[in-house]
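Student: I have just opened this structure and would like to be walked through it. Could we take it one piece at a time?

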Amino acid sequence: MEKINAVITGVGGYVPDYILTNDEISKMVDTTDEWIMGRIGIKERHILKGEGLGTSYIARKAVKQLIQRTKTNPEDVDLVIVATTTPDYRLPSTASILCERLGLKNAFAFDIQAVCSGFLYALETGANFIRTGNYKKIIVVGAEKMSSIVNYSDRATCPIFGDGGAAVMLEPTTEDVGIMDAVLRTDGKGLPFLHIKAGGSVCPPSYYTLDNQMHYIYQEGRTVYKYAVANMASACESVIERNHLNKEDIDWVIPHQANQRIITAVTQRLEIPSEKVMVNIERYGNTSAGTLPLCIWDFEDKLKKGDNLILTAFGAGFAWGAIYLKWGYDRKKE
């Protein structure tokens, strides 16, 4: 029997209309465009405005485009996985809301929470469902409304994050393409350095937590930077080595878009030239689980069937990893 693998057959994405510039941020906190560009590499980020709009709105826009592009009947979708840290509600899942809004009547659905590594984890999870042979069409989404958990009076974090997301379709293939291998890791060491203190079961919401602004992201930048560079690089090296790839064999590296200096440090360590690295952080900022699929969405026209891609991310937890993916189609020929 031929071996079944999971291949990406389409991508859809969405970023909100409102653009928050560095100049606008410099009116909120003591910073400048020059400082933000020099330290993080972000020029602008998209912010979702509008009463009652959450992550499911971003995900819905992305999935709707994906369904149209792949000419998929919504009733044929078997499973929906949404990677997000900013769900619409504590319960139910954002994935369940997506199913109802888009008429995905025959899919079961759940959320994955691995922060910035969420899409990596969700992609490998979806691929394994395809490999069982029981599932034919799986939608994997990475979407975030990061502006909902950012304190816009904290100069250390508010320039970093943006809202947006993208989705891919996973389908079975017997060709030598698709998700070839994954190295995924989790390490509880990260808790003190990157977290949201309140709102969970350890510290439920109260007047005290609200008054003390405990519902926003806290990040110890230097420590996170150090761990991110070392772990993203080593996960990439592992997946490259395991699959007997040379640096020349790699067509694209898709790194998590958290900080331009992290991207540069990781790819230099891998000795990958910058023209082979997907970067759109300048326009979107860090959209957490949204960054990797947004890169695929942005660069889709440049991808050719058989291209070797390395995806890598690092996030709170700490959670990190790398995926080796062989691209499955040429969009321009379609």
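Student: What do the buried residues of helix 8 pack against?

Tutor: In this predicted model, the buried residues of helix 8 pack against helix 7 and strand 11.

Student: Which residues of helix 8 are the buried ones?

Tutor: They are Ile262, Ile263, Ala265, Val266 and Thr267.

Student: And which residue caps the N-terminal end of helix 8?

Tutor: Asn259 does so, with a side-chain oxygen 2.7 Å from the backbone nitrogen of Arg261. Just after helix 8, Glu271 has a positive phi of about 60°.

Student: Let us change topic to the largest nonpolar core. How many residues does it have?

Tutor: The largest nonpolar core has 46 residues. Val239, Val266, Ile310 and Phe314 are those with the most contacts inside it.

Student: Which elements give two or more residues to this core?

Tutor: Those elements are helix 7 (221-242), helix 8 (260-269), strand 12 (308-315) and strand 13 (319-326). Helix 7 provides the largest share, nine residues. The core also draws at least three residues from each of domain 1 (5-176) and domain 2 (180-327).

Student: What is Val239 in contact with, leaving aside its neighbours within four places in sequence?

Tutor: Val239 is then in contact with Asp181, Ala182, Val183, Ile310, Ala322 and Tyr324.

Student: Now to strand 12: how many of its residues are buried?

Tutor: Eight of the eight residues of strand 12 are buried, so this strand is largely enclosed by the rest of the structure.

Student: Which residues lie on each side of strand 12?

Tutor: Asn308, Ile310, Thr312 and Phe314 lie on one side, with Leu309, Leu311, Ala313 and Gly315 on the other; both faces are covered, and all of these residues are buried. In a regular strand the side chains alternate between the two faces of the sheet.

Student: Do strands 11 and 12 run parallel or antiparallel?

Tutor: Strand 11 (residues 252-255) and strand 12 run parallel, joined by four bridges. Within this pairing, Pro255 stands opposite Thr312 in strand 12.

Student: In which sense do strand 12 and strand 13 pair?

Tutor: Strand 12 and strand 13 pair in the antiparallel sense, over eight bridges. Ala313, for instance, has Gly321 in strand 13 as its bridge partner.

Student: How many residues sit between strand 12 and strand 13 in the hairpin?

Tutor: Three residues sit between them, and Gly317 in the turn has a positive phi of about 135°.

Methods:
Residues are numbered from 1 along each chain as its sequence is written. This is a predicted model: local features need pLDDT of at least 70, side-chain atom pairs count only at pLDDT 80 or more; totals for chains, interfaces and linings use all residues. Side-chain values use heavy atoms; hydrogens and water are left out. A nonpolar core is a set of buried Ala, Val, Leu, Ile, Met, Phe, Trp, Tyr and Cys residues joined through side-chain atoms within 4.5 Å. Buried means under 20% relative accessible area, exposed over 50%, partly exposed in between (1.4 Å probe, protein chains only). Domain bounds come from an automatic or database domain assignment. Contact means heavy atoms within 4.5 Å. Two strands pair if DSSP finds at least two bridges between them. A polar contact is a pair of N or O atoms within 3.5 Å; within protein, one must be able to donate a hydrogen and the other to accept it, and residues adjacent in sequence count only if both atoms are side-chain atoms.
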